[in-house]
Amino acid sequence: MKKLLFTIALTAFAVTAFSQEYYGFNDNTGTYERITERGPYLTGKFFDNWFLGVGGGVNLFMSTGDVHKDFGSRLAPALDVNIGKWITPSVGVRMQYSGLRGKGAYKSPGGDFAYGTADGAGYYDKKFKYVSLHGDFLWNASNAIGGYKETRTWDFVPFVGFGFVQAKRVNEDVGTHDVRSREFAANMGLLNIIRLGDFIDLTLEARYMMTKARFDRWQGSRSIDGMLSVTAGLSFNLGTRGFKRPVAVAPADYTPYQQRINALENDLSNANDRIGRLQRELDECNSRPTPRPEVVTAPHSMSVFFTIGSARISDTYMQNIEHFAETIKVNPNQKYVVTGYCDAGTGSVQRNEVLSRERAEAVANALVTRFGVNRSQLETKGMGGVSNHVNNPALDRVVIVAQ
């Protein structure tokens, strides 16, 4: 029996390897060539790739004395019902019920499962009900060796499993007590899956169960009892069937963004250089002594210059106003005209008219409020924008106080 199982396994692997040789279109090369698809594959959701199977066939029990019965009389009906799940294209698990009947022979009428009278060789018939519940680990050799192919016609799946087995008399009325046997059992076998469609497969299964020799209630000379089962059935796929490869995300092309970043960094570097250069120029200007504007003085007039757009009197010119205030105060009967001007090249006409009056008022207010000049001696007016000094417009931004 061991040689038989080994031969079956070798044949399955050989056919498996051969069955995966198929041709397909290779998108990378643009040609038809031999393709082997291998993992990795996504395992899918919990309810994907479940299956429910049912099958029927024959059992052949092997224990002490059984070989003395002819082969046909030892065959008994078998039933398989299972539910399982493929975790990956190559690895799966299932829970299986198997059983119905077992037959054999006893040398002695003392066997608990013995029936009838002895035959010419002195052997009695052995009959029992048989139930096995076991979990199996499935290995899809076709996918593991030849690569996963969802539409493959034939898959070879070796498996091993463990569980419990129970036997009892076919007719409990025979005898004086309930005759039962319960043992731990190991299973191994080969499952053939023949694809019929997306949701249904044909299954052909050969399984060998091993348990203790006392399973048939007769120790005999064997160390283990065995049950060889061959069944055919249908397997129904539940939920989504098949596996998908992870989608390889194409690497993003960051070249345009990097180029833009480099350009911005270059602009920033140039801007920093310009800021540094302007800061140095500003520091140099601040380090120079402030030039004192030339103050045009005359016994009876004074000029006050302003910056562009401003009516604010600088501290330097405030000193000049203070000195000229003394001249005005020593001539209380003299009238003075405070006239404001703007640079015509800067600002609008309306703005220059307003600003020239604001400058004149600023000087007049300083003379009165700060230095005590009598307001009645002053007259203010604004001349708007003028172009009296084309080569030096700064001289047009002025207030002149004169008699």
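In helix α6, the residues N352, L355, S356, R359, A360, A362, V363, A364, A366 and L367 are buried, where buried means under 20% relative accessible area, exposed means over 50%, and partly exposed lies in between, using a 1.4 Å probe and protein chains only. Helices here are DSSP runs of H or I with at least four residues, and strands are DSSP runs of E with at least two, each numbered from the N terminus. The structure is a predicted model, in which local features need pLDDT of at least 70 and side-chain atom pairs count only at pLDDT 80 or more, while totals for chains, interfaces and linings use all residues. Residues are numbered from 1 along each chain as its sequence is written, and side-chain values use heavy atoms, with hydrogens and water left out.

The buried residues of α6 pack against β13 (301-305), α5 (315-329), β14 (336-343), β15 (378-386) and β16 (398-402). An α-helix has 3.6 residues a turn, so residues three or four places apart point the same way. Helix α6 itself has 22 residues and reaches 31 Å from its first C-alpha to its last, close to the 32 Å expected at 1.5 Å a residue, the expected span being 1.5 Å times one less than the number of residues. After α6 comes G372, whose phi is positive, near 75 degrees.

R359 is buried yet has no salt bridge, and the nearest side chain of opposite charge, that of E358, is 7.2 Å away. Here Lys and Arg count as positive and Asp and Glu as negative, with His and the chain ends not counted, and a salt bridge is a side-chain nitrogen of Lys or Arg within 4 Å of a carboxyl oxygen of Asp or Glu. Not counting residues up to four places away in sequence, R359 touches residues including F306, Y341, C342 and R397, where contact means heavy atoms within 4.5 Å.

From the helix we turn to the strands. Strand β3 (residues 50-62) pairs in the antiparallel sense with strand β4 (residues 75-86) over 11 bridges, and G55 stands opposite D80 in β4. Strand β3 also pairs in the antiparallel sense with strand β11 (residues 224-238), over 13 bridges, and there the bridge partner of N59 is S229. Two strands are said to pair if DSSP finds at least two bridges between them.

E205 is found in strand β10 (residues 200-212) and is buried, with a relative accessible area of 5%. The side chain of E205 makes a polar contact with the side chain of R94 at 2.8 Å; such a contact is a pair of N or O atoms within 3.5 Å, of which, within protein, one must be able to donate a hydrogen and the other to accept it, and residues adjacent in sequence count only if both atoms are side-chain atoms.

Finally, the backbone of N49, in the loop between β2 (31-35) and β3, has a phi near 60 degrees, a positive value in a residue other than glycine.
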